[in-house]
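Dear colleague,

I am passing a structure on to you, and my notes on what was found in it follow below. Please look through the model first and then read on.

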Amino acid sequence: VSSVERASTPPRGWNSYDSFSWIISEEEFLQNAKILSQKLLAQGYEYAVVDYLWYRRKVPGADADSQGFDKIDQWGRMMPDPDRWPSSSGGNGFTEVANKVHSMGLKFGIHVMRGISTQAVNANSPILDTTTGRAYEESGRVWHAQDIALKEQTCAWMPHGFMSVNTDLGAGKAFLRSLYQQYASWGVDFIKNDCVFGADLNRNEITYISEILKELDRPILYSLSPGTTATPDMAKAVSGLSNMYRITGDDWDTWADVAAHFDVARDFAAAKMIGSGGLLGTSWPDLDMLPLGWLTDPGSNEGPHRACRLTIQEQRTQVTLWSIAKSPLMFGGDLRNIDDTTFGLITNPTLLEINSYSSNNVEFPYISGSSSLHGRSRSSPTSVEESEVGSLGLTSCEDQKANGWMVEELDQDLERICWKENMENRHGEPFCLNKTNSLAESDQEIMYGSQYQGILHLLASENMNFCLDASPKRKITSSEFARGSSSPCTRNANQMWKFHGNGTLMSSYSGLCAKMKNVKANADATGARSWIATGRSGEIFLAFFNLNSYDMMISALVSDLAKALPGRTVSACTGYEIWSGTRIDRPTLYSVSLSVDSHDCALYVLNCR
């Protein structure tokens with residue numbers, strides 16, 4: 001394996017999801033790759049990535065969670081749909097596509113789901129032992145898909161599609177090895193592994209896959225998804241095993257989705273996760289693809305057919321935050337229709353310099369924002385008194401904030417589990433869930449032995465047939481949150497919980513623990529925000545963001561800049577703002593301030609002494 005450090009800067013490229021959902025063809029993919037190579041490779045956009053379901057046949061009845069429409073080989077491995085990817089026929093897989101992408105100077109990436117497909121389990125395919133080229137044998141027998149599949153651990157938001165495999169078994173490991181060795185043989189350079197992180201965390205698979213990737217004779221970047229309810233505590237367990245990992249739900253072209261990234265980006269920066277150690281290199285918190293330009297709709301069976309709904313100001317805010325938070329930059333629009341404005345934004349040299357090479361990137365809290373329109377000054381982050389609601393999130397079970405649950409006995413037969421803080425708080429109803437023993441049937445109990453001892457289902461109080469889900473049953477966007485998602489009770493690990501004496505409530509699906517947090521009822525982030533970073537030549541990058549629905553004057557005192565910059569003192573600055581061209585030619589000793597339009601941003605490049 002080459003010794004070059006992997007992902008030494010945040011990866012850049014193009015991904016097909018925002019423009020084609022799952023239905024992209026070989027011809028459409030290569031057309032986009034060609035433009036990527038011609039127009040964006042020089043700016044570091046080097047990965048051409050085909051997103052999910054490249055193995056699904058595009059026929060009536062097939063959709064994002066249909067069953068039985070996939071192309072699998074005799075070993076239960078996904079193969080490209082030959083109608084959409086004609087060069088894959090005859091067992092070639094993605095070899096020819098990868099060769100063409102490589103000949104353009106690009107790297108080739110694919111999206112894969114957790115574990116094994118339901119279709120392979122239903123077919124009970126034998127497991128390939130790549131060391132012998134034959135079916136995997138152990139303990140005197142051949143092993144099949146049904147021996148390794150964890151049927152109670154289907155992907156929460158694609159329950160008909162995929163389920164986890166048991167990595168404690170030699171056959172489970174052999175199956176994952178057979179997948180990733182095949183991807184390497186096709187010439188894959190980048191793998192986005194979905195339904196393994198956030199609320200869907202699957203530490204066992206991530207851990208073993210990263211071991212396989214270390215041993216392969218070609219470097220493959222390892223990306224984890226999705227990021228629903230991701231926290232720094234949760235990420236610390238796997239950031240060292242990957243090169244990028246999503247920290248939000250899906251990002252689409254709505255202002256609410258853009259605004260939802262500010263708090264989570266701040267938290268990961270504060271936890272020093274940006275550019276921390278990764279798989280044979282570095283890892284980066286990922287704010288998701290950039291849904292700009294010409295797009296499709298979430299989970300659609302259609303290709304690109306509409307323009308991005310964000311205003312130019314909102315698009316500027318998105319790309320500026322992504323850049324200064326050092327997120328990977330994966331463009332999502334159809335490159336065959338990219339307009340000059342969008343192209344100029346994603347290739348802005350200052351943003352790309354910041355994204356690759358700046359350091360000390362953090363949210364800068366020492367700003368003030370005022371609105372002449374409202375006739376009063378507001379200190380920032382500005383906030384309006386709003387009602388708060390409890391939102392159920394997940395975190396690492398080591399997180400001190402996770403042990404806030406207690407059992408309350410209602411009568412002999414009925415207990416409920418409640419979040420303590422709400423019990424003590426005089427305002428609002430406590431958040432409680434009625435306890436019922438797991439629905440595991442006797443044959444299941446025998447099959448899994450003691451696995452389900454002490455496992456509970458938690459009933460959503462107002463409906464006795466609905467149980468609490470650990471991970472939402474559909475792909476949710478960055479701006480959505482649920483006060484605990486619930487759905488009809490089933491024997492699925494996504495609804496199985498274990499209460500521990502230390503006050504934690506652990507999900508059997510992800511091994512994560514539940515905690516409640518208060519969020520604003522109208523969830524949109526508001527106010528003035530700012531980020532700061534330092535450049536390679538000692539310059540200071542200072543970004544202002546106006547998340548309000550009205551224009552604001554945003555200011556930072558020069559004397560405060562040093563508070564965010566370790567070991568520096570700052571007394572005077574010159575510089576310029578990149579979008580307006582506003583210049584500070586005479587050294588300012590006092591403050592940097594600018595009127596920023598609603599949902600817009602400002603970005604200063606400052607030389608300070």
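This is a predicted model: local features need pLDDT of at least 70, side-chain atom pairs count only at pLDDT 80 or more; totals for chains, interfaces and linings use all residues.

Asp600 lies in the loop between β37 (591-596) and β38 (601-608), while Arg316 belongs to helix α11 (residues 312-324), so the pair ties together parts that are 284 residues apart in sequence. Asp600 is buried, its relative accessible area being 5%, and Arg316 also counts as buried, at 18% relative accessibility, because the cut-off for that term is under 20%.

The structure holds 24 salt bridges, and another of them joins Arg306 to Asp253, whose closest N and O atoms are 2.7 Å apart. Here Arg306 sits in strand β17 (residues 306-307) and Asp253 in the loop between β13 (244-246) and α9 (255-259), so this pair ties together parts that are 53 residues apart in sequence. Arg306 counts as buried at 9% relative accessibility, and Asp253 counts as buried at 4%.

A further salt bridge is made by the side chains of Glu415 and Lys435, at 2.5 Å from N to O. This pair links distant parts of the chain, with Glu415 in strand β24 (residues 414-419) and Lys435 in strand β25 (residues 432-437), 20 residues apart. Glu415 counts as partly exposed, at 24% relative accessibility, and Lys435 counts as partly exposed as well, at 23%. Elsewhere, salt bridges that share partners join Asp263, Arg266, Asp267, Glu363 and Arg529 into one network.

**The chain as a whole**

Of its 609 residues, 58% are buried. When contacts with a separation of 6 or more are considered, residues 24 or more positions apart account for 70% of them.

Which residues have the most contacts inside the largest nonpolar core? They are Phe29, Trp54, Phe108, Ile110, Ile116, Tyr183 and Trp405, in a core of 150 residues. The largest share of this core, nine residues, comes from helix α6 (residues 170-186). Phe29 itself, leaving aside residues up to four places away in sequence, touches Trp14, Ile24, Ala48, Val49, Val50, Trp85, Val97, Val101 and Phe108. There is also a second, separate core, which has 26 residues and includes Leu542, Ala564, Ala602 and Leu606.

**Strand β2 and its neighbours**

Strand β2 is covered on both faces, with Tyr47 and Val49 buried on one side and Ala48 and Val50 buried on the other. As a general rule, the side chains in a regular strand alternate between the two faces of the sheet. β1 and β2 pair in the parallel sense over three bridges, and Asn15 stands opposite Val49 in β2. β2 and β3 likewise pair in the parallel sense, over four bridges, with Val49 opposite Gly109 in β3. Together, β2, α3 and β3 make a right-handed β-α-β unit.

**An antiparallel sheet**

Finally, three strands form an open sheet in the order β4-β10-β9, with antiparallel pairing. β4 (116-117) and β9 (149-154) stand at its edges, each with a single partner strand, so one side of each is left without a neighbour in the sheet. β9 is joined by three bridges to strand β10 (residues 162-165), the two running antiparallel, and the bridge partner of Thr154 in β10 is Met163.

With best wishes

Notes:
Residues are numbered from 1 along each chain as its sequence is written. Side-chain values use heavy atoms; hydrogens and water are left out. A salt bridge is a side-chain nitrogen of Lys or Arg within 4 Å of a carboxyl oxygen of Asp or Glu. Buried means under 20% relative accessible area, exposed over 50%, partly exposed in between (1.4 Å probe, protein chains only). A nonpolar core is a set of buried Ala, Val, Leu, Ile, Met, Phe, Trp, Tyr and Cys residues joined through side-chain atoms within 4.5 Å. Contact means heavy atoms within 4.5 Å. Two strands pair if DSSP finds at least two bridges between them. A crossover is right-handed if, with the strands pointing away from the viewer, the path from the first strand over the helix to the second runs clockwise.
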